[in-house]
Amino acid sequence: MTTSSSISPEKDERIPPRERILAAAGDLFYRHGIRAVGVEAIAEAAGTNKMTLYRHFSSKDELVAEYLRQSAKSADVCWDRLQKLHPGDECAQLRAWLREMADHVANVDERGCALANAAVELPEKSHPARRVIEEYKTAQRMRLVQLARAAGLSEPEMLADELHLLLEGARVSAQSVGADGLGPRLVRMGDAIMAAHARP
């Protein structure tokens, strides 16, 4: 659900250094990958220096973990917005989420979910970002399960897994074969999956 950092990278001195560092790191990590970006590049993009960066983040790994926490928070904002748009209609919330995710996957200017990208780049279980990624993915799945259950759909756990796998597979497909026409196809497939779980 998340793309790049929600903070705009600025060198404006009125923005606190920690926020500038997070914004610059988020932009660079999302565009170039976590492994490809060094702390010097982040400090320069933030209009600060490595000493200031390390004063706010004990290591690059901790900075990565905080960047991913910020990305995960944007998913919560999205769910809150969908709930306000469709109060008491969990099925409509699921459909709106599916359409929004399909738009993200089909958008050629995006590189997919920041947390999913990080999961591929950071396979080490000991990395502090792994816990952030795992907690996010678990929370996303549980949100889908709870909405499907509240909507009266059958096998809510299976439905959540099917929707998750549909979108994860679509991200890979968009990167390898292109996203032309992918958004509408994803919505149709998601709708068909949900219809299959409707109780008679």
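Q: Where does E155 lie?
A: E155 sits in the loop between α7 and α8 (156–177). Helices here are DSSP runs of H or I with at least four residues, strands are runs of E with at least two, and both are numbered from the N terminus.

Q: What is phi of E155 near?
A: Near 45°. That is a positive value in a residue other than glycine.

Q: What should I know about the model itself?
A: It is a predicted model: local features need pLDDT of at least 70, side-chain atom pairs count only at pLDDT 80 or more, and totals for chains, interfaces and linings use all residues. Residues are numbered from 1 along each chain as its sequence is written, and side-chain values use heavy atoms, with hydrogens and water left out.

Q: OK, the fold. How many helices and strands?
A: The chain has 9 helices and 0 strands. Along the sequence the pattern reads α-α-α-α-α-α-α-α-α.

Q: What percentage of the chain is buried?
A: Buried residues make up 43% of the 200 residues. Buried means under 20% relative accessible area, exposed means over 50%, and partly exposed is in between, with a 1.4 Å probe and protein chains only.

Q: And how many of the contacts come from residues 24 or more positions apart?
A: They account for 67% of the contacts in the chain with a separation of 6 or more. A contact means heavy atoms within 4.5 Å.

Q: Now the core. Which residues have the most contacts inside the largest one?
A: F29, I42, L63, L68 and L115, in a nonpolar core of 31 residues. Such a core is a set of buried Ala, Val, Leu, Ile, Met, Phe, Trp, Tyr and Cys residues joined through side-chain atoms within 4.5 Å.

Q: Which helices supply at least two residues each?
A: α1 (17–32), α2 (39–45), α4 (60–85), α6 (114–121) and α7 (128–150).

Q: What does L63 touch?
A: I21, L22, A25, F29, I42, L53 and F57. That leaves out residues up to four places away in sequence.

Q: What lies apart from that core?
A: Another core, of 27 residues. Among them are L94, V145, A170 and I193.

Q: Switching to aromatics. How many pairs?
A: The count is 2 aromatic pairs. Rings of Phe, Tyr and Trp (its six-membered ring) pair if their centres lie within 6.5 Å; planes under 30 degrees apart are stacked, over 60 edge-to-face, and the rest tilted.

Q: Why is the F29 and Y67 pair called tilted?
A: The ring centres of F29 and Y67 are 5.3 Å apart and the planes are at 55°, so the pair is tilted. F29 is in helix α1 and Y67 in helix α4, so the pair ties together parts 38 residues apart in sequence. F29 is buried at 2% relative accessible area, and Y67 is buried at 3%.

Q: And W79 with W97, why stacked?
A: Their ring centres are 5.7 Å apart and their planes are at 15°, so W79 and W97 count as stacked. W79 is in helix α4 and W97 in helix α5 (residues 90–106), 18 residues apart. Relative accessible area is 2% for W79, which is buried, and 5% for W97, also buried.

Q: Which residues line the largest cavity?
A: F29, Y30, G33, I34, Y67, R111, A114, N117, A118 and E121. The largest share, 4 residues, comes from α6.

Q: Last one: is H127 buried or exposed?
A: Buried, at 7% relative accessibility. H127 lies in the loop between α6 and α7. Beyond its neighbours within four places in sequence, H127 contacts D61, V64 and L122.

How values were computed
1 Å grid on protein atoms, 1.4 Å probe; cavity = no way out; pocket = protein on both sides within 12 Å on 5 of 7 lines; lining within 4 Å.
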